[in-house]
Amino acid sequence: MVQRTTEIIVGLFILAGGAALLFLALQVSGLTFRSAGDTYTVYAYFNDAGGLAPRSRVSMAGVEVGQIREVALDHETFQARVVMDIAAAIDSIPADSSAIIRTSGLLGEQYIDISPGADMESLADGDTFYETQSALNIERMISNFASGQGGD
Amino acid sequence: MSYCSAKFPVVAGMADSSYILLDDVVFTRGNRRIFDGVSLSVPRGRVTAIMGPSGTGKTTLLRLIGGQLRPDSGRVRVNGHDVPSLRRKDLYRLREGMGMLFQSGALFTDLNVFENVAFPLRVHTRLPDDMIRDIVLMKLEAVGLRGARDLMPAELSGGMTRRVALARSIALDPDLILYDEPFAGQDPIAMGVLVKLIRELNATMGLTSVLVSHDVPESLSIADHACIVSDGRVIGEGTPDELRKHTSPKVRQFLNGDPDGPVPFHYPAPDAQADWGGTLGGGSRRG
Amino acid sequence: MASSLMDGIARLGRRGLDIIASLGRAGVFLWGALVGAPRPSVGGPLLIQQIYRIGVLSLAIVIVSGLFIGMVLALQGYTILSDFGSESAIGQMIALTLLRELGPVVTALLFAGRAGSALTAEIGLMKATEQLSSMEMMGVDPLRRVMAPRLWAGFISMPVLALIFSVVGVWGGMLVGVEWLGVFEGSYWGNMQASVTFADDVLNGLVKSLVFGVACTWIAVYQGYDCVPTSAGISAATTRTVVFSSLMVLGLDFVLTAVMFGSF
């Protein structure tokens, strides 16, 4: 009888561990159960990727539509080459849309915002954004402003 | 190896005479030589007492027989098997046929009396629960503690602890029981009970018993065969009557309990002159 | 002069060899205990009993500590982050600190003090009272019967405890941050979810606690098994368990952090 009670308590203990892991996965890390096949890959080149990092979000109109897989230097153009995975459900992004690096809040992390274009064709797997806008560099902005170039 | 792994056929020739045979066993621990060529034999089906002053390594001797220690040289044969050279699995199988009663009883403190006695049965057999219960109660009945089955080891007196431990060591009906100082620290009644039990068990179960002790009268009263170990050697061996008539001064000293004699009162020490002589000028006082 | 120098070197060498030998013994011990577990019908109940004693009974201290650490993190984080006007990042800070570092490390330290010392003392006492010897003489290998269930129970319990610690800490942080300090609940969770990743943070933390579980339990059980079976010996072994486990956890934590989060 004692053994039975112990078994049940230990079972609950292990279950609590499982529940904790589930909680950390869903509530804390915001993991959603999407399989890898549910995304397609697009590329964008930036003159300055700023603080953009893998797993940063990609959004349209403030709604998350994908995330960044990799940020690397293109050895020929010396631009930052950003690889991002877009959810397969979002399959109608106009081909002439532009990718803009934005900052959430003043000191928050950077993410890519897709500003939709007007083209009838849509971006498909392996395509590249034609138009990009690099990270806003506050230091550069301030120095521009101080030297008078910024305020015409 | 002359045995096959399935079961232990007794090796021919070894069978009849002696169950345990130690031949010129040498054992050292650290820098201390505990056994310096011990040879003795334990006859089958008898009670053999191994006696000797405290600290002569009697417990070590039992551990050598049980294969927990290996001798530096010499042979230890139990039931025809060379114990030090046995592979682990065969050693454990050999031990299933041995019971050992530890000085402290060594009951498992987290199990009650019943479960302690049931322990070897549960581990080594696949008997159903009700059969285990019958066997355990039988063994407890044999030591007179059937009523104590639900007690925890902490609730037992020293004598009862040892009797429970005895019930546990006979749970698997072994061929050999090793008793480590079964009488030490027991009151006369408990001692009497244990003497009677050891004798009875040996007679009824056809066991071979080895008991290691420094209690001379009790040991000699139940032993068929006895040997005395001192200074790493066997100094006397024979039936109790033969030992009582033994002429060796060492044997006489031990059996009579003389405080000084060939077995020295003093632990080996540097010359007294070296310890006190120089500083106190004690040499002249000792004069 | 030269001879005393030689003596010193020889002593150093002997000590080094002693350490290596005891490492070797510990390795053989682990191997002997984990290889060839007892029959499931025997081993299962033993394992469950040990998980109960090692894991479930450590739950109270882990939950209470986790709660307080989460609440302290929220208070401290709030004071610092509000200087930059980014109190809303408090959830992210608490979650990352707990998942990556404090969850596994503090749980392991608590575990060493609560369960590890108890394991060492228990096994040491079993050795001193000849229970291990008598088991051997009954043809039962104490490594498999006594040590193996305790080792496995420790390996299993530690990650579970660390997970629970982190969850309770996150919850405690929310209690203080959201309920008391008035951070918007949506941004508490939102910032957390945006910055915490399952594979990098949750799983790496889990791996850490697994490693710590193996280290702490191994040290505790081995120290008990290897102790000098006297009261002084057991007390020294218990102390060694807590000291070695703590140092080992912190050292391993540095190595693991460098491997997992170091930017190379």
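This is a predicted model: local features need pLDDT of at least 70, side-chain atom pairs count only at pLDDT 80 or more; totals for chains, interfaces and linings use all residues.
1. Which domains does the domain assignment give for chain A? The assignment divides this chain into domain 1, residues 1–33, and domain 2, residues 39–143. The C-alpha centres of domain 1 and domain 2 of chain A are 39 Å apart.

2. Chain A carries a negative patch on its surface. The residues that form this patch are Asp96(A), Asp119(A), Glu121(A) and Glu131(A). Asp96(A) belongs to the loop that runs between strand E4 (80–87) and strand E5 (98–103) of chain A. The relative accessible area of Asp96(A) is 34%, and the residue is therefore classed as partly exposed.

3. A nonpolar surface patch is also present in chain A. Leu136(A), Ile138(A), Met141(A) and Ile142(A) make up this patch, and together they have about 390 Å² of accessible area. Of these residues, Ile138(A) is placed in helix H2 of chain A, which covers residues 138–146. Ile138(A) has a relative accessibility of 41% and so counts as partly exposed.

4. The C-alpha trace of chain B spans about 80 × 45 × 35 Å along its principal axes. Chain B has 287 residues, of which 51% count as buried.

5. Over all chains, the structure holds 25 salt bridges. One of them pairs Arg63(B) with Glu130(C), with 3.7 Å between the closest N and O atoms. Arg63(B) is part of helix H1 (residues 58–65) of chain B, while Glu130(C) sits in the loop between helix H4 (90–128) and helix H5 (131–137) of chain C, so this pair joins two chains. Arg63(B) and Glu130(C) are both buried.

6. A further salt bridge brings together the side chains of Arg88(B) and Asp141(C), at 2.3 Å from N to O. This pair, too, crosses between chains: Arg88(B) lies in helix H2 (residues 88–96) of chain B, and Asp141(C) lies in the loop between H5 and helix H6 (142–180) of chain C. Are Arg88(B) and Asp141(C) buried or partly exposed? Arg88(B) is partly exposed, because its relative accessibility is 38%. Asp141(C) is buried, because its relative accessible area is 13%, and the cut-off for a buried residue is under 20%.

7. Within chain C, a salt bridge links Asp201(C) and Arg100(C), whose closest N and O atoms are 2.7 Å apart. The two residues are 101 residues apart and connect distant parts of the chain, with Asp201(C) in helix H8 (residues 198–226) and Arg100(C) in helix H4 of chain C. Asp201(C) has a relative accessible area of 0% and is therefore buried. Arg100(C), with a relative accessible area of 27%, is partly exposed.

8. Arg33(B), Asp36(B) and Arg233(B) are joined into one network by salt bridges that share partners.

Methods. Residues are numbered from 1 along each chain as its sequence is written. Chains are lettered from A and ligands numbered from 1 in the order in which they are written. Side-chain values use heavy atoms; hydrogens and water are left out. Patches are made of residues with over 30% relative accessible area and no salt bridge: like charges are joined within 9 Å, nonpolar side chains (Val, Leu, Ile, Met, Phe, Trp, Tyr) within 5 Å. Accessible areas come from the Shrake-Rupley method with a 1.4 Å probe; for residues, only the protein chains shown count as cover. A salt bridge is a side-chain nitrogen of Lys or Arg within 4 Å of a carboxyl oxygen of Asp or Glu. Lys and Arg count as positive and Asp and Glu as negative; His and the chain ends are not counted. The place of a charge is taken as NZ of Lys, CZ of Arg, CG of Asp or CD of Glu. Helices (H or I, at least four residues) and strands (E, at least two) are DSSP runs, numbered from the N terminus. Buried means under 20% relative accessible area, exposed over 50%, partly exposed in between (1.4 Å probe, protein chains only). Domain bounds come from an automatic or database domain assignment.
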